[in-house]
Amino acid sequence: MRILIAVLALFLTAASGAQEPATVRVRLVTSAGNIVLALDARRAPKTVANFMAYVDDGRLDGTQFYRSARRKGDPAHGFVQGGIGTDARRMLPSPPLESTLQTGIRHLDATISMAHGPNPDGANCNFSIMVGPNPGLDAKAGYRGFAAFGKVVTGMDVVKRMLAMPTGGGRDAMKDQMILKPVQILRAVRLDGVARPTGYVKPWLIGTPK
């Protein structure tokens, strides 16, 4: 029994050592310039773990910023959205929503937040970056909101340029908000901690020259 306890203790120590640092930085290399994110793994661990799985797997490489949602009457503010879009080949299982009531991370200027459809627990790896505060995305009574999980630390000039790009197309909530010439996410690079690829297959790479 003592040997078993010792082995379990060693396992738990090793596992805790493999945890993400409290803040995980990621560089998004885009066709419009670089953006560096600081993700709050202490307050939003599940959301950050989900995002980092996409980064570590290379699932964000070759995706896009495709949406600019400018505020009516105040077009200098709103948010931009990017990620894997509807590419099911890149999708991983979604984590449960970590709402702003749980994390305390609100949708302020430069905040990054996971996007989702009608199912609040259905986020994959489409995300939004705030330009100015967007309190309507925070949780409140009867509304679960969205999962904010970090902020931009450099590159807000790039984000603001994307917000100002010509838009059109789309439908429903995205009507007239699709960036006509989407900004390419060339690659997403982890800057802190140790990469932990999921090991899942990467069907979008099948047939791609090595």
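A polar contact is a pair of N or O atoms within 3.5 Å, where one must be able to donate a hydrogen and the other to accept it. The legends below refer to a predicted model.

**View 1. The side chain of Thr-30 and its polar contacts with the backbone.** Thr-30 lies in strand β1, which covers residues 23-30. A polar atom of the side chain of Thr-30 is 2.6 Å from the backbone oxygen of Gly-33, and a polar atom of this side chain is also found 3.0 Å from the backbone nitrogen of Ala-32.

**View 2. The surroundings of Thr-30.** Is Thr-30 buried or exposed? Its relative accessibility is 6%, and because buried means under 20%, Thr-30 counts as buried.

**View 3. Strand β3 beside strand β9.** Strand β3 (residues 63-71) and strand β9 (residues 178-190) run antiparallel and are joined by 4 bridges.

**View 4. The hairpin of β3 and β4.** Strand β3 also pairs with strand β4 (residues 74-83), in the antiparallel sense and over 7 bridges, with Val-80 in β4 as the bridge partner of Ser-68. The two strands form a hairpin with 2 residues between them, and in the turn Gly-73 has a positive phi of about 85°.

Methods. Residues are numbered from 1 along each chain as its sequence is written. This is a predicted model: local features need pLDDT of at least 70, side-chain atom pairs count only at pLDDT 80 or more; totals for chains, interfaces and linings use all residues. Side-chain values use heavy atoms; hydrogens and water are left out. Buried means under 20% relative accessible area, exposed over 50%, partly exposed in between (1.4 Å probe, protein chains only). Contact means heavy atoms within 4.5 Å. Two strands pair if DSSP finds at least two bridges between them. Lists of a residue's contacts leave out its neighbours within four places in sequence.
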